[in-house]
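Keep the model open in your viewer and follow the stops below in order. Each stop says what to select and what is found there.

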Amino acid sequence: LLTTLLQYCDSAPEETAEKLLNRYGNLANLLEAKTSDLRAYSSLNEESLALLCLVTELRRKYLMIRCRTERFLRDSNAYAQYLMPYFSGENEEMVYLLCLDEEGKPLSCERVAQGTVDSANISPRLLVRIALQCGAYAVVLAHNHPSGFFTPSNADISVSQRLAELLRPLDIRMLDHIIFSNDIALSLRDSHYCDCFF
């Protein structure tokens, strides 16, 4: 598959594919590699690099669109399934806010912060403004831990509590905070890390 893909922009696709797979171990690791790491690999030309990045982005967009079908999200498993594509292949910490109507239908899902490999600055005031602007009945906060360690930090718990406090007087429910790491989802609500969820 990789050889077939690279034949459109590489003079020696089979050789390049073999070197890439030897370097990264498998196709998943290759497609999740940082662009800077791929660029540093001398056997990969700019056209091949662009094509590999495009494949990863196409996959992410495909999964997002598939999740936007008319459906209602009513529990942590449904939230996680809906949100998972937003974090697919991300090497930096990303934070999203999912806004829902009273029946659990998604109104919007916006990226609200982007950080380094192990941190992101989250503004609870920004989250409240987004929830109000889309007329949310409830929200779900989600972010990833690219490090592979998905246990919530004190900051993760603190921002959940702060957001819930800000939303409560506005009659907007904080339903959950989902942490993703290596395609594993952890619900702070279901794991009882804090009792701020509705």
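Helices (H or I, at least four residues) and strands (E, at least two) are DSSP runs, numbered from the N terminus. Read from the N terminus, the order of elements is α-α-α-α-α-α-β-β-α-β-α-β-β.

This is a predicted model, in which local features need pLDDT of at least 70 and side-chain atom pairs count only at pLDDT 80 or more, while totals for chains, interfaces and linings use all residues. Residues are numbered from 1 along each chain as its sequence is written, and side-chain values use heavy atoms, with hydrogens and water left out.

**Whole chain**

Along the principal axes, the C-alpha atoms fill a box of roughly 60 × 35 × 25 Å. Colour by accessibility next: of the 198 residues, 44% are buried. Buried means under 20% relative accessible area, exposed over 50%, and partly exposed in between (1.4 Å probe, protein chains only). The protein exposes about 10,900 Å², and carbon and sulfur atoms supply 49% of that area; accessible areas come from the Shrake-Rupley method with a 1.4 Å probe, and for residues only the protein chains shown count as cover. Among contacts with a separation of 6 or more, 60% join residues 24 or more positions apart, where contact means heavy atoms within 4.5 Å.

**Aromatic cluster**

Select Tyr82, Tyr86, Phe87, Tyr96 and Phe180, which ring pairs link into a cluster. Rings of Phe, Tyr and Trp (its six-membered ring) pair if their centres lie within 6.5 Å; planes under 30 degrees apart count as stacked, over 60 as edge-to-face and the rest as tilted. The whole structure holds four aromatic pairs. In one of them, Phe87 and Phe180 have ring centres 4.9 Å apart and planes at 25°, so the pair is stacked. Phe87 belongs to helix H6 (residues 76–87) and Phe180 to strand E4, so this pair ties together parts 93 residues apart in sequence. Both Phe87 and Phe180 are buried.

**Salt bridges**

Show charged side chains now. A search of the whole structure gives four salt bridges, each a side-chain nitrogen of Lys or Arg within 4 Å of a carboxyl oxygen of Asp or Glu.

- Select Glu15 and Lys19, whose side chains meet at 3.1 Å, N to O. They are four residues apart in helix H2 (residues 13–24), and so separated by about one helical turn. Glu15 is partly exposed at 45% relative accessible area, and Lys19 is partly exposed at 35%.
- Select Arg23 and Asp37, with the closest N and O atoms 3.3 Å apart. This pair links distant parts of the chain, with Arg23 in helix H2 and Asp37 in helix H4 (residues 35–40), 14 residues apart. Arg23 is partly exposed at 43%, as is Asp37 at 29%.
- Select Glu46 and Arg39, a bridge of 3.3 Å, N to O. Glu46 is partly exposed at 47%, and Arg39 is partly exposed at 47%.

**Positive phi**

Where does Asp171 lie? Asp171 is in the loop between helix H8 (154–167) and strand E4 (173–181). Its phi is near 60°, a positive value in a residue other than glycine, and Asp171 is exposed at 60% relative accessible area.

Finish at His192, in the segment after strand E5 (184–187). Phi of His192 is also positive, near 60°, and His192 is exposed, with a relative accessible area of 67%.
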